[in-house]
Amino acid sequence: MTNTGRRGGHRSKKKRITLVLAPIAALGMAVPLMYSAGAATPDEVATDCRTDSDKLENCEFVDVQVKRDSLGPNERVTSVSDNCGSTTAATKSFSGTASVTRVVQLEDGFSVDGGTKLGNSFFEIGVKFATQEINIKRDDTTSSFSFTRSDTVQPDHIAFFMWSHKRTDVSGFLKATYKEEQDGQKVFFSPSEGASTVHVFYPQLLQSGTPDGRLWLRNVKCGSPQANGIINSENSARAEPGFGEGGENVTDVEVSLSDVSVQ
């Protein structure tokens, strides 16, 4: 059955979709400040916290600001369906899946394990911002979203599905308490006390277990630079523009999560 969608932010009612997602947290570090000789620098504090150094009595993330409902990366979650050269629309079957595990990632590419003092602190903070509508899980299990559905590929277009999860952005700083004094003190900060430049992103799950976010069908005109780039990538991961940001050769139709049925 052919479905007629509307462009932009309008919704398209579809068949059953299964979506399950667990939290991801991303952490960005700022430029270090100067400390007196012998004291732990902000870079050293960040490294000691990340590695759960034996020198630490404790390391914690101190939240300063919170922003809900920001959108995460734009992910292509199905293979590309090709209707190039055709003068009529075609109904194609799409299947997609993706999985994530709870991760705290530093800007330099290192990660923080959830079992460390710092990793535990991140998710204790996350639980604080859970609501009756939004749940922030703090387990270590890998969760996934997957779906199989039929949808319309426009004449002389390629098409695929995109996903962007909705997340809570909590910003603040790191507070490290050392077992031994350094330059007469035990407590140090990164990048500085009161700063809001360390960001932790908590994907938001509805109480039903369905992730909060945006799922959409993207049609791209064959022969356009956008389509050629996607085809040449041979389905490998690549950066994609967000919903409604693809340009004149791209049409996005959102699938409402209210129409999603969790299996």
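Reader: Why does Asp 183 count as partly exposed?

Author: In this predicted model, Asp 183 has a relative accessibility of 44%. Buried means under 20% and exposed means over 50%, with partly exposed in between, so the value of 44% places Asp 183 in the partly exposed class.

Reader: What makes the backbone of Asp 183 worth a remark, and where is the residue found?

Author: Phi of Asp 183 is near 55 degrees, which is a positive value in a residue other than glycine. Most residues other than glycine have a negative phi. Asp 183 is found in the loop between strand 11 and strand 12, and the hairpin formed by these strands has two residues between them.

Reader: How do you know that strand 11 and strand 12 pair?

Author: Strand 11, residues 157-182, and strand 12, residues 185-190, are joined by five bridges in the antiparallel sense. Pairing asks for at least two bridges, and therefore the five bridges found here are enough for the two strands to be called paired. Across this pairing, Ala 176 stands opposite Phe 188 in strand 12.

Reader: What makes the peptide bond from Ser 190 to Pro 191 cis, and where is Pro 191 found?

Author: The bond from Ser 190 to Pro 191 has omega near -5 degrees and is cis, while Pro 191 is found in the loop between strand 12 and strand 13, the latter spanning 198-203. Most peptide bonds are trans.

Reader: Why is Asp 52 called partly exposed?

Author: The relative accessible area of Asp 52 is 24%. Since the partly exposed class lies between under 20% for buried and over 50% for exposed, Asp 52 therefore belongs to the partly exposed class. Asp 52 lies in the loop between helix 1 (42-51) and strand 3 (56-71), and its phi, near 55 degrees, is positive although the residue is not glycine.

Reader: Is Leu 215 buried or exposed, and how do you know?

Author: Leu 215, which lies in strand 15 (residues 213-221), has a relative accessibility of 0%. Buried means under 20%, so Leu 215 counts as buried. The C-alpha atoms of Leu 215 and Asn 74 are separated by 9.7 Å, with the two residues 141 apart along the chain.

Reader: Over which residues does pLDDT stay under 50, and what is the mean for the chain?

Author: The mean pLDDT of the chain is 77, and 70% of its residues reach 70 or more, but over residues 1-37 the pLDDT stays under 50. Where pLDDT is low, the predicted coordinates should not be read in detail. The model has 133 contacts beyond four places in sequence for residues 1-37.

Key: Residues are numbered from 1 along each chain as its sequence is written. This is a predicted model: local features need pLDDT of at least 70, side-chain atom pairs count only at pLDDT 80 or more; totals for chains, interfaces and linings use all residues. Side-chain values use heavy atoms; hydrogens and water are left out. Helices (H or I, at least four residues) and strands (E, at least two) are DSSP runs, numbered from the N terminus. pLDDT is the predictor's confidence in each residue, from 0 to 100. Contact means heavy atoms within 4.5 Å. Buried means under 20% relative accessible area, exposed over 50%, partly exposed in between (1.4 Å probe, protein chains only).
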